Amino acid sequence: MAGRCHVIVIGPQGSGKGTQAARVAPLLRLVHVATGDLFRQLMTRDDELAREVRSYYDRGALVPDELTLRVLLARLDELEREQGDQYRGALLDGYPRNLAQAEALDRVLTERGDVIAAVVHLVVPREVLIERLSGRLICPTCGATYHVRFSPPRVAGICDHCGGALMQRSDDTPEAIARRLETYEQQTAPLLDYYRARDLVIDIDGNRPIDVVTRDLLVALESRLAHNPCRSS
Ligand code: ADP
Ligand code: ADP
Ligand code: ZN
């Protein structure tokens, strides 16, 4: 029997990875693990590591692979300790982003006896991405994502879930957005071929209302996960 069954979400910035992952993870007994959220949390500290991460993050550049893998593994280990058999695996959002990370992930998952059950690819045209990212608001307290027009909070500027004050991300500037989308095309999109060769990829049209995308995702993932013998399935 396999250990954990993990699912990876791949899509350009603004395709709705965070929004969808937060909705479907609890329904599938997965835990949403977003490396961007882990870094934003880490950067609230005042130490050398936080300053190092910020020097990449604010430019929209990737944090070095080794450091990123360390942060990810620390979170996976923490989940093992905290959640035990309550969950099936992680819903990975924002990892891997290049071939070296994908290969490192395969290595560490094999060591743990875990598998990748599916790779979801959210497809959204570029002009829609820019519109979404320029109106994105996040809650720095609980990580929830909103949009000023497409997914507004009940009270302007206030998080529905925790009452925190919403803000724009420091890297949702036109320059950093352009840089991140370029890095996505060059380094992350090629991973789809890497996973297609293993028949793992599920393409989902992400350019539809949030609820419609969620419904499609749930149906597709439920059937994939049902065919994988993972712990606590
Ligand atoms: P990603 O994690 O892929 O960068 P997000 O989930 O943060 O994307 O979504 C980017 C922005 O677009 C957010 O402001 C979010 O509220 C909004 N959004 C997400 N999905 C949709 C959708 N299907 N239709 C319209 N807006 C969306
Ligand atoms: P986006 O997908 O919009 O770039 P994320 O929240 O996923 O936003 O990531 C924000 C930033 O965190 C990235 O620009 C990068 O600096 C860092 N980051 C997140 N995931 C990774 C990763 N897998 N490898 C390297 N850096 C990462
Ligand atoms: Zn909140």
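This is a predicted model: local features need pLDDT of at least 70, side-chain atom pairs count only at pLDDT 80 or more; totals for chains, interfaces and linings use all residues.
By class, what makes up the shell around ligand 2? Six nonpolar, six polar and six charged residues.

Five strands form an open sheet. The order is β2-β3-β1-β4-β7, and the pairing is parallel. Why do β2 and β7 each have one side without a neighbour in the sheet? Because β2, residues 30-34, and β7, residues 201-205, stand at the edges, each with a single partner strand. From one strand to the next, the twist averages 25°.

Strand β1 covers residues 5-10, and strand β4 covers residues 115-123. They run parallel, and six bridges join them. For a landmark, find V7: it stands opposite A118 in β4.

Next, the helices on the sheet. Helix α1, residues 17-27, lies across β1, β2, β3 and β4. Its direction runs at about 160° to β2. Helix α9, residues 210-226, also packs on the sheet. It touches β1, β2, β4 and β7. Against β7, the direction of α9 makes about 165°.

Back to ligand 2. There are 18 residues around it. Which come nearest? T35, A61, G94, R97 and R180. Three of those give polar contacts to quote. With G94, a polar backbone atom is 2.8 Å from a nitrogen atom of the ligand. With R97, an N or O atom in the side chain is 2.4 Å from a ligand oxygen atom. With R180, a polar side-chain atom lies 2.6 Å from an oxygen atom of ligand 2. How much of ligand 2 is buried by the protein? Taken alone, the ligand exposes 540 Å², and the protein buries 97% of that. Helix α2, residues 35-42, gives the most to this shell, with four residues.

Now ligand 1. Here 19 residues surround the ligand. The closest are K17, T19, R136, Y146 and R208. G14 places a backbone N or O atom 2.9 Å from an oxygen atom of ligand 1. R132 has a side-chain N or O atom 3.4 Å from a ligand nitrogen atom. R136 has a side-chain N or O atom 2.7 Å from a ligand oxygen atom. Taken alone, ligand 1 exposes 570 Å², of which the protein buries 93%.

The shell around ligand 1 has five nonpolar, ten polar and four charged residues.

Last, the backbone. Most residues other than glycine have a negative phi, and most peptide bonds are trans. Two places here to check against that. The peptide bond from Y95 to P96 is cis, with omega near -5°. P96 lies in the loop between β3 and α5, residues 99-112. What is its phi, positive or negative? Positive, at about 55°, although R29 is not a glycine. You will find R29 in the loop between α1 and β2.

That is the tour. Questions, please.

Technical notes
Residues are numbered from 1 along each chain as its sequence is written. Chains are lettered from A and ligands numbered from 1 in the order in which they are written. Side-chain values use heavy atoms; hydrogens and water are left out. Two strands pair if DSSP finds at least two bridges between them. Helices (H or I, at least four residues) and strands (E, at least two) are DSSP runs, numbered from the N terminus. Axes are lines fitted to C-alpha atoms, for helices over the stretch in contact, and angles run from 0 to 180 degrees between N-to-C directions. Contact means heavy atoms within 4.5 Å. A residue is near a molecule or strand if one of its heavy atoms lies within 4 Å of it. A polar contact is a pair of N or O atoms within 3.5 Å; within protein, one must be able to donate a hydrogen and the other to accept it, and residues adjacent in sequence count only if both atoms are side-chain atoms. Accessible areas come from the Shrake-Rupley method with a 1.4 Å probe; for residues, only the protein chains shown count as cover. Ala, Val, Leu, Ile, Met, Phe, Trp, Tyr, Cys and Pro count as nonpolar, Asp, Glu, Lys and Arg as charged, and the others, Gly among them, as polar.
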